[in-house]
Amino acid sequence: MTAITINLNHIIKLTDEQFYQLCRNNPEIKFERNSNGEIVIMPPTGGETGKINSEINADFVIWNRQTKLGVLFDSSTCFQLPSKANRSPDVSWISNERWNTLTTEEQEKFPPIAPDFVLELMSPTDSLKETQAKMQEYISNGVRLGWLINRKLHQVEIYRLGKPVEVLDKPTQLSGEDILSRFILDLQIIWQ
(Lines give C-alpha, C1' and ligand atoms only; values in the text may rest on other atoms or scores of the structure.)
Protein backbone atom coordinates (compact mmCIF):
# COMPACT_ATOMS: atom_id res chain seq x y z
CA MET A 1 0.00 0.00 0.00
CA THR A 2 1.33 3.46 -0.87
CA ALA A 3 0.41 6.92 0.33
CA ILE A 4 -2.69 8.42 -1.24
CA THR A 5 -2.87 12.15 -2.00
CA ILE A 6 -6.29 13.81 -2.12
CA ASN A 7 -6.78 17.30 -3.51
CA LEU A 8 -9.91 18.90 -2.05
CA ASN A 9 -8.78 22.46 -2.74
CA HIS A 10 -11.40 23.00 -5.45
CA ILE A 11 -14.09 22.08 -2.89
CA ILE A 12 -12.65 23.32 0.41
CA LYS A 13 -9.35 24.65 1.71
CA LEU A 14 -9.01 23.36 5.25
CA THR A 15 -7.80 25.82 7.85
CA ASP A 16 -5.11 24.67 10.26
CA GLU A 17 -7.76 24.13 12.93
CA GLN A 18 -9.99 22.12 10.53
CA PHE A 19 -7.06 19.91 9.53
CA TYR A 20 -6.22 19.39 13.20
CA GLN A 21 -9.84 18.40 13.93
CA LEU A 22 -9.90 16.05 10.92
CA CYS A 23 -6.88 14.25 12.36
CA ARG A 24 -8.31 14.19 15.90
CA ASN A 25 -11.68 12.85 14.71
CA ASN A 26 -10.03 10.05 12.68
CA PRO A 27 -7.22 8.77 14.92
CA GLU A 28 -7.03 5.45 13.08
CA ILE A 29 -5.84 7.25 9.92
CA LYS A 30 -2.44 8.92 9.65
CA PHE A 31 -2.82 12.17 7.72
CA GLU A 32 -0.20 14.57 6.45
CA ARG A 33 -0.76 17.71 4.38
CA ASN A 34 1.63 19.01 1.76
CA SER A 35 2.42 22.68 1.16
CA ASN A 36 -0.24 22.79 -1.61
CA GLY A 37 -2.91 21.91 0.95
CA GLU A 38 -3.43 18.40 -0.44
CA ILE A 39 -4.18 15.73 2.15
CA VAL A 40 -1.90 12.71 2.20
CA ILE A 41 -3.16 9.47 3.74
CA MET A 42 -0.17 7.51 5.00
CA PRO A 43 -0.37 3.72 5.11
CA PRO A 44 0.67 1.86 8.26
CA THR A 45 4.13 0.34 8.27
CA GLY A 46 4.78 -3.36 8.17
CA GLY A 47 6.16 -5.35 11.08
CA GLU A 48 9.84 -5.20 10.10
CA THR A 49 9.80 -1.43 9.53
CA GLY A 50 7.94 -0.88 12.81
CA LYS A 51 10.40 -3.08 14.68
CA ILE A 52 13.43 -1.24 13.31
CA ASN A 53 11.83 2.16 13.90
CA SER A 54 11.24 1.22 17.55
CA GLU A 55 14.89 0.21 17.94
CA ILE A 56 16.02 3.51 16.38
CA ASN A 57 13.67 5.48 18.64
CA ALA A 58 15.04 3.67 21.70
CA ASP A 59 18.57 4.83 20.89
CA PHE A 60 17.35 8.41 20.55
CA VAL A 61 15.33 8.22 23.79
CA ILE A 62 18.34 6.98 25.77
CA TRP A 63 20.60 9.68 24.31
CA ASN A 64 18.02 12.42 24.90
CA ARG A 65 17.40 11.36 28.51
CA GLN A 66 21.13 11.47 29.18
CA THR A 67 21.87 14.80 27.48
CA LYS A 68 18.59 16.62 28.23
CA LEU A 69 19.38 18.90 25.26
CA GLY A 70 15.96 18.84 23.62
CA VAL A 71 12.65 17.17 23.00
CA LEU A 72 12.26 13.95 21.01
CA PHE A 73 9.20 12.94 18.97
CA ASP A 74 7.98 9.72 17.33
CA SER A 75 6.14 9.25 14.05
CA SER A 76 2.78 10.12 15.60
CA THR A 77 3.75 13.79 15.98
CA CYS A 78 2.61 16.12 13.23
CA PHE A 79 4.44 19.42 12.75
CA GLN A 80 3.12 22.46 10.91
CA LEU A 81 6.09 23.61 8.87
CA PRO A 82 6.57 27.27 7.85
CA SER A 83 5.35 26.31 4.32
CA LYS A 84 2.05 25.26 5.97
CA ALA A 85 2.75 21.60 5.20
CA ASN A 86 1.91 19.21 8.04
CA ARG A 87 4.45 16.39 8.30
CA SER A 88 5.15 13.51 10.67
CA PRO A 89 8.78 12.32 10.45
CA ASP A 90 9.56 8.86 11.83
CA VAL A 91 11.91 10.48 14.38
CA SER A 92 12.35 14.17 15.08
CA TRP A 93 14.11 16.33 17.63
CA ILE A 94 13.97 19.99 18.67
CA SER A 95 16.39 21.79 20.97
CA ASN A 96 14.97 22.89 24.32
CA GLU A 97 15.70 26.50 23.46
CA ARG A 98 13.52 26.40 20.32
CA TRP A 99 10.78 24.18 21.84
CA ASN A 100 10.38 26.49 24.80
CA THR A 101 9.59 29.45 22.51
CA LEU A 102 6.24 27.79 21.70
CA THR A 103 3.14 28.41 23.78
CA THR A 104 1.52 25.54 25.66
CA GLU A 105 -1.29 25.49 23.09
CA GLU A 106 1.21 25.33 20.20
CA GLN A 107 3.01 22.45 21.90
CA GLU A 108 -0.28 20.59 22.46
CA LYS A 109 -1.58 20.76 18.89
CA PHE A 110 0.54 20.43 15.73
CA PRO A 111 3.60 22.43 16.75
CA PRO A 112 4.19 25.29 14.26
CA ILE A 113 7.91 24.67 14.02
CA ALA A 114 10.38 22.76 11.86
CA PRO A 115 12.38 20.26 13.91
CA ASP A 116 16.15 20.65 14.13
CA PHE A 117 16.53 17.00 13.10
CA VAL A 118 14.36 14.50 11.22
CA LEU A 119 14.74 10.87 10.25
CA GLU A 120 12.70 8.97 7.68
CA LEU A 121 12.99 5.17 7.58
CA MET A 122 11.70 3.96 4.24
CA SER A 123 9.14 1.17 4.21
CA PRO A 124 9.21 -1.28 1.29
CA THR A 125 6.14 0.46 -0.20
CA ASP A 126 7.50 4.02 0.11
CA SER A 127 8.42 5.88 -3.06
CA LEU A 128 12.06 6.97 -3.03
CA LYS A 129 11.28 10.03 -5.15
CA GLU A 130 8.44 11.15 -2.86
CA THR A 131 10.48 10.54 0.29
CA GLN A 132 13.43 12.49 -1.14
CA ALA A 133 11.04 15.34 -1.96
CA LYS A 134 9.78 15.23 1.63
CA MET A 135 13.37 15.43 2.90
CA GLN A 136 14.03 18.44 0.68
CA GLU A 137 10.84 20.00 2.02
CA TYR A 138 12.10 19.55 5.58
CA ILE A 139 15.40 21.25 4.75
CA SER A 140 13.65 24.06 2.85
CA ASN A 141 11.62 24.70 5.99
CA GLY A 142 14.65 25.02 8.27
CA VAL A 143 15.45 21.48 9.41
CA ARG A 144 19.21 21.49 10.03
CA LEU A 145 19.96 17.76 9.68
CA GLY A 146 17.98 14.90 8.14
CA TRP A 147 18.63 11.21 7.56
CA LEU A 148 16.79 9.18 4.94
CA ILE A 149 17.45 5.50 5.60
CA ASN A 150 16.78 3.27 2.60
CA ARG A 151 16.92 -0.37 3.70
CA LYS A 152 16.28 -1.72 0.20
CA LEU A 153 19.33 0.02 -1.32
CA HIS A 154 21.40 -0.19 1.89
CA GLN A 155 21.93 3.56 1.69
CA VAL A 156 21.59 6.60 3.88
CA GLU A 157 21.05 10.06 2.44
CA ILE A 158 22.20 12.87 4.72
CA TYR A 159 20.47 16.22 4.28
CA ARG A 160 22.08 19.30 5.78
CA LEU A 161 20.83 22.87 5.71
CA GLY A 162 22.67 24.76 2.97
CA LYS A 163 24.68 21.75 1.71
CA PRO A 164 24.30 19.13 -1.01
CA VAL A 165 22.87 15.72 -0.11
CA GLU A 166 25.48 13.15 0.89
CA VAL A 167 24.78 9.49 0.04
CA LEU A 168 26.47 6.75 2.08
CA ASP A 169 26.51 3.09 1.03
CA LYS A 170 25.81 0.73 3.94
CA PRO A 171 27.38 2.88 6.68
CA THR A 172 27.87 1.20 10.07
CA GLN A 173 26.99 4.31 12.06
CA LEU A 174 25.79 7.88 11.75
CA SER A 175 26.92 10.88 13.75
CA GLY A 176 24.52 13.51 15.02
CA GLU A 177 27.24 16.03 14.18
CA ASP A 178 26.84 19.40 15.91
CA ILE A 179 23.02 19.12 15.90
CA LEU A 180 22.66 16.00 18.07
CA SER A 181 25.75 16.43 20.22
CA ARG A 182 27.58 13.14 20.90
CA PHE A 183 24.80 11.02 19.35
CA ILE A 184 25.88 7.99 17.30
CA LEU A 185 23.30 5.71 15.65
CA ASP A 186 24.52 2.13 15.19
CA LEU A 187 23.06 0.93 11.88
CA GLN A 188 23.82 -2.79 12.27
CA ILE A 189 20.20 -3.56 13.22
CA ILE A 190 19.00 -1.96 9.98
CA TRP A 191 21.26 -3.88 7.62
CA GLN A 192 20.68 -7.31 9.22
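Residues are numbered from 1 along each chain as its sequence is written, and side-chain values use heavy atoms, with hydrogens and water left out. In this predicted model, local features need pLDDT of at least 70 and side-chain atom pairs count only at pLDDT 80 or more, whereas totals for chains, interfaces and linings use all residues.

In soluble globular proteins, nonpolar side chains tend to be buried together. A nonpolar core is taken here as a set of buried Ala, Val, Leu, Ile, Met, Phe, Trp, Tyr and Cys residues joined through side-chain atoms within 4.5 Å, where buried means under 20% relative accessible area, exposed over 50% and partly exposed in between (1.4 Å probe, protein chains only). The largest nonpolar core has 23 residues, and those with the most contacts inside it are Ile56, Phe60, Phe117, Leu119, Trp147, Ile149 and Leu185. At least two residues of this core come from each of helix 2, strand 7 (91-95), strand 8 (117-121), strand 9 (145-150), strand 10 and helix 6 (188-191), the elements being DSSP runs numbered from the N terminus (helices H or I, at least four residues; strands E, at least two). Helix 2 gives the most to this core, with 4 residues. Phe60 is in contact (heavy atoms within 4.5 Å) with Leu72, Val91, Phe117, Leu119, Trp147, Leu180 and Phe183, when residues up to four places away in sequence are not counted. A second, separate core of 17 residues includes Phe73, Ile113, Tyr138 and Tyr159.

Aromatic side chains were examined next. Rings of Phe, Tyr and Trp (its six-membered ring) pair if their centres lie within 6.5 Å, and the planes count as stacked when under 30 degrees apart, edge-to-face when over 60 and tilted for the rest. The structure holds 11 aromatic pairs. In one of these, the rings of Trp63 and Phe183 have their centres 5.5 Å apart and their planes at 70 degrees, so the pair is edge-to-face. Because Trp63 lies in helix 2 (residues 47-67) and Phe183 in the loop between strand 12 (173-175) and strand 13 (184-186), this pair ties together parts that are 120 residues apart in sequence. Both Trp63 and Phe183 are buried. Phe73 and Phe79 also form an edge-to-face pair, with 5.2 Å centre to centre and 90 degrees between the planes; Phe73 is buried at a relative accessible area of 10%, and Phe79 is buried at 0%. One aromatic cluster is formed by Phe60, Trp63, Trp93, Phe117, Trp147 and Phe183.

Side chains of opposite charge can pair when their charged atoms come close. With a salt bridge taken as a side-chain nitrogen of Lys or Arg within 4 Å of a carboxyl oxygen of Asp or Glu, the count comes to 11 salt bridges. Asp16 forms a salt bridge with Arg33, the closest N and O atoms being 2.9 Å apart, and this pair links distant parts of the chain, with Asp16 in helix 1 (residues 16-25) and Arg33 in strand 2 (residues 30-33), 17 residues apart. Asp16 is partly exposed, with a relative accessible area of 32%, whereas Arg33 is buried at 4%. Asp16 also forms a salt bridge with Lys84, for which the closest N and O atoms are 3.8 Å apart. Lys84 lies in the loop between strand 5 (79-80) and strand 6 (86-87) and Asp16 in helix 1, so the pair ties together parts that are 68 residues apart in sequence; Lys84 itself is partly exposed, at 45% relative accessibility.

A further salt bridge is formed by Glu177 and Arg160, with the closest N and O atoms 2.6 Å apart. Glu177 is in the loop between strand 12 and strand 13 and Arg160 in strand 10 (residues 155-160), 17 residues apart. Glu177 is partly exposed, with a relative accessible area of 29%, while Arg160 counts as buried at 16%. Salt bridges that share partners join Glu32, Arg87, Lys134 and Glu137 into one network.

Another arginine, Arg151, is placed in the loop between strand 9 and strand 10 and counts as buried at 17% relative accessibility. Arg151 touches Glu48, Thr49, Ile52, Leu121, Met122, Pro124, Ile190 and Trp191, not counting residues up to four places away in sequence.

Ile6 is located in strand 1 (residues 4-6) and is partly exposed, at 31% relative accessibility.
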